[in-house]
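Here is a short report on one protein chain. Look at the sequence and the 3D view, then read on.

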Amino acid sequence: MEKYNVLVVDDDKEIRDVIAIYLTNEGMNVLKAEDGLKAIELLRSQTVHLILLDIMMPRMDGIQTTFKIREQKNIPIIMISAKSEDMDKINGLQVGADDYVTKPFNPLELVARVKSQLRRYVTLGTYEGKKETINLNGLVLEQAEKRLMVNGEPIRLTPIEYRIVDLLMRHAGRVFSIHEIYERVWQEPSYHAENTVAVHIRKIREKIEIDPKNPRFLKVVWGIGYKMEK
């Protein structure tokens, strides 16, 4: 079985060390960085399967770091921060984070979230039947390659964005509620999931639609949910 590498980025050494102990006990390799610049440097030389990323850090904070990482990589990112406001969570998700944990956190819950994200990452595109190519009027999902194309142009998606697109394209024309999308993509109960799903939908539209406010592919059915147009 492959041993996964998790990069823990936090300017607090004690927090880095505590997280490392729990992840190491679960059989993971742990890399550590004290800020975003060091994290990006490590990503150039190391294979990393998941990143735990604090928001408030010197030199380069978590938001800036996520933005830079997403220019090149689709590694799952779980943000960790003392901030608990909805807007802080939304900002993190908007720049490409896959999940968000608020300090103080339960280490066992954090480990569970890491395992969940790793499962999604390493089995991306295989969670619901065989791989195939789906073409919806120029929006093409190549599941074997885990690639989305719009009119022949490749679109870079985060792992969560990919799973949402994959779900909706597999069932084109069917309307999924926010809670259905959350539970099938995140594979956990949907509690207060509205903002989380809405942010990811908005980011997907910005990537695949010519005019995100008047979408051609990813449509809202008011009061019900979202669907991918056939």
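## Aspartate 54

Helices (H or I, at least four residues) and strands (E, at least two) are DSSP runs, numbered from the N terminus. Aspartate 54 sits in strand S3 (residues 50-54). The model is predicted: local features need pLDDT of at least 70, side-chain atom pairs count only at pLDDT 80 or more, and totals for chains, interfaces and linings use all residues. Residues are numbered from 1 along each chain as its sequence is written, and side-chain values use heavy atoms, without hydrogens and water.

Aspartate 54 has 3% relative accessibility, so it counts as buried (under 20% relative accessible area; exposed is over 50%, partly exposed in between; 1.4 Å probe, protein chains only). An unreviewed UniProt entry lists Asp54 as "modified residue: 4-aspartylphosphate". Such annotations may be inferred rather than shown by experiment; positions use the numbering here, and feature names are shortened.

## Salt bridges

A salt bridge puts a side-chain nitrogen of Lys or Arg within 4 Å of a carboxyl oxygen of Asp or Glu. The count is 18 salt bridges. Glutamate 161 and lysine 207 form one, at 2.6 Å from N to O. Glutamate 161 lies in helix H6 (residues 159-170) and lysine 207 in helix H8 (residues 194-208), so the pair ties together parts 46 residues apart in sequence. Glutamate 161 is buried, at 2% relative accessible area. Lysine 207 is partly exposed, at 29%. Salt bridges with shared partners also join Asp10, Asp54 and Lys103 into one network.
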